2 protein chains.
Amino acid sequence: MAKHRKVANPLALAVLAGLLREPMHPYELGRRLLESGKNRHIRYNRGSLYMVVEQLRKAGFVTERETVRDTQRPERTVYAITDEGRAELRDWMRESVALPRAEYPQLGVALSLLGALEPAEAAGLLDHRSEALATEADEVRAHVEDAVDHGVAWVLLAEEEYRLTLLDAERRFVARLAKSLRHPDHVSVSQELLRPVPERTRQGPDRADRAG
Amino acid sequence: MAKHRKVANPLALAVLAGLLREPMHPYELGRRLLESGKNRHIRYNRGSLYMVVEQLRKAGFVTERETVRDTQRPERTVYAITDEGRAELRDWMRESVALPRAEYPQLGVALSLLGALEPAEAAGLLDHRSEALATEADEVRAHVEDAVDHGVAWVLLAEEEYRLTLLDAERRFVARLAKSLRHPDHVSVSQELLRPVPERTRQGPDRADRAG
DNA sequence: CTCGATATAGTCGATCCTGACTAATCGGCT
DNA sequence: AGCCGATTAGTCAGGATCGACTATATCGAG
């Protein structure tokens, strides 16, 4: 299933999507990425950008359209997406949306080695994380609210809402885990996670639990 | 805050934790990682393992203890953790647990470029993902239940429960998003995510400076 | 006893990624 | 006119990563 794409870096997906709108030079692509704040969802840095564009060119997904030098600044090479590029973009997008693939969130690593810490200390650290997550979530929320107020269609904010979902879920989990670590008798987080999901169409249990 | 660790690969955290229990040769570390299924939470492959061990040695976090050749198989070099290594492990664990750091889940990328797909098609793809996520979650659940039945302490399953939490959250989000894409009039996922903000223990910097 | 399959243990090169660097130009200030 | 800092545009060396490779040992089937 896992296709070996000729260019695997997710940044390439953004490049193809960008060039779908209109031909551009790499720096401009990067500028728009930063401007639109998409860099919070795609790992971006300049070097990778130029590399990825070059890779896409070699793979035939984009072509060098022209090299202009209107001012006396360094030349800007403008790239355009090809038909193969369009095909790749569609295929890749479909795959990214439809198929989840292995990810390695950093907390997973830490939790899997949690034994190396005293339960009491771990609980304290988890509290700290919980606070930090709440703060981050507040920021995203503010950002989304602001955008909505300015008339941005909600569909365009899907990625922010996704981020929010994950942040909230992690915060709740972390808070519960901290609590459990303090009362090892009360049996676990599992109880909550294992019971209440018999049916898969069941809609969300919206409860905001925040223990003192 | 974001420390430049001498060895940054998360695999190194697992290596240190492994050597904390007892001195070992790299291959054995790898074997245990696979055996205990921790490789689902830590990106593992052989080459990286040996590299990481070598890096840790150079950094003084582990030392070469002995090189044995009991059978006629290739030599096995046994490593032991040093005091510096122990310190690094504790510090690193504390940081990983307490401080969330930027992550780039693949779906975030896709969502931020969702405009490149027809809403109807996107909805279908999201349904597909939702199914896949449910299946994955079922597998993890089965695994956890099994472990619990075999008397494994729940604390040792924190990472599985975390995974479960994320899978469930994503599945719910994805399902709702698909629904919204089919009824663009019904206003969005936001409604649900923005309202139920539990008032947090006031202390964070509540600022939303984003004048437009 | 021999063949193939699997497990053990480690190495290597090609590719990829990143942060730091160059280098010119523009805008503003004095 | 001269200078400072920000912006524009791109390059590059040094690491990090991954898959593929080597080579021996053990085990089971025939």
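Begin by selecting the residues of each chain that touch the other: in this predicted model, 85 residues of chain B and 83 residues of chain A take part in the contact. With both sets displayed as a surface, the area that the two chains bury between them comes to about 8,200 Å². Carbon and sulfur atoms account for 67% of that buried area.

Next, select B:Tyr104, B:Trp154 and B:Tyr162. These are the residues of chain B that lose the most area to chain A, and together they make up 9% of what that side buries.

The same surface serves both, since 88% of the contact residues of chain B recur in chain A.

To centre the view, select A:Ser36, A:Lys38, A:Leu156, A:Glu159 and B:Ser112, the closest to the pocket's centre of the 34 residues that line it.

Colour the surrounding helices next. From chain A, α1 (10-21), α2 (26-35), α6 (119-149) and α7 (158-182) each give two or more residues to this lining, as do α5 (106-112) and α6 (119-149) from chain B. Which element gives the most to the lining of the second largest pocket? It is α1(A), with five residues. Colouring by class shows 19 nonpolar, six polar and nine charged residues in the lining.

Finally, colour chain A by confidence. Its pLDDT averages 85, and 82% of the residues score at least 70. Select residues 194-212 of chain A, where the pLDDT is below 50; this stretch has 32 contacts in the model beyond near neighbours in sequence.

Note on methods. Residues are numbered from 1 along each chain as its sequence is written. Chains are lettered from A and ligands numbered from 1 in the order in which they are written. This is a predicted model: local features need pLDDT of at least 70, side-chain atom pairs count only at pLDDT 80 or more; totals for chains, interfaces and linings use all residues. Side-chain values use heavy atoms; hydrogens and water are left out. pLDDT is the predictor's confidence in each residue, from 0 to 100. Contact means heavy atoms within 4.5 Å. On a 1 Å grid over the protein atoms alone, a cavity is a set of points where a 1.4 Å probe fits but cannot get out, and a pocket is an open set with protein on both sides within 12 Å along at least five of seven lines; lining residues have an atom within 4 Å of a point. Helices (H or I, at least four residues) and strands (E, at least two) are DSSP runs, numbered from the N terminus. Ala, Val, Leu, Ile, Met, Phe, Trp, Tyr, Cys and Pro count as nonpolar, Asp, Glu, Lys and Arg as charged, and the others, Gly among them, as polar. Buried area is the accessible area (1.4 Å probe) that two parts lose on being put together, summed over both.
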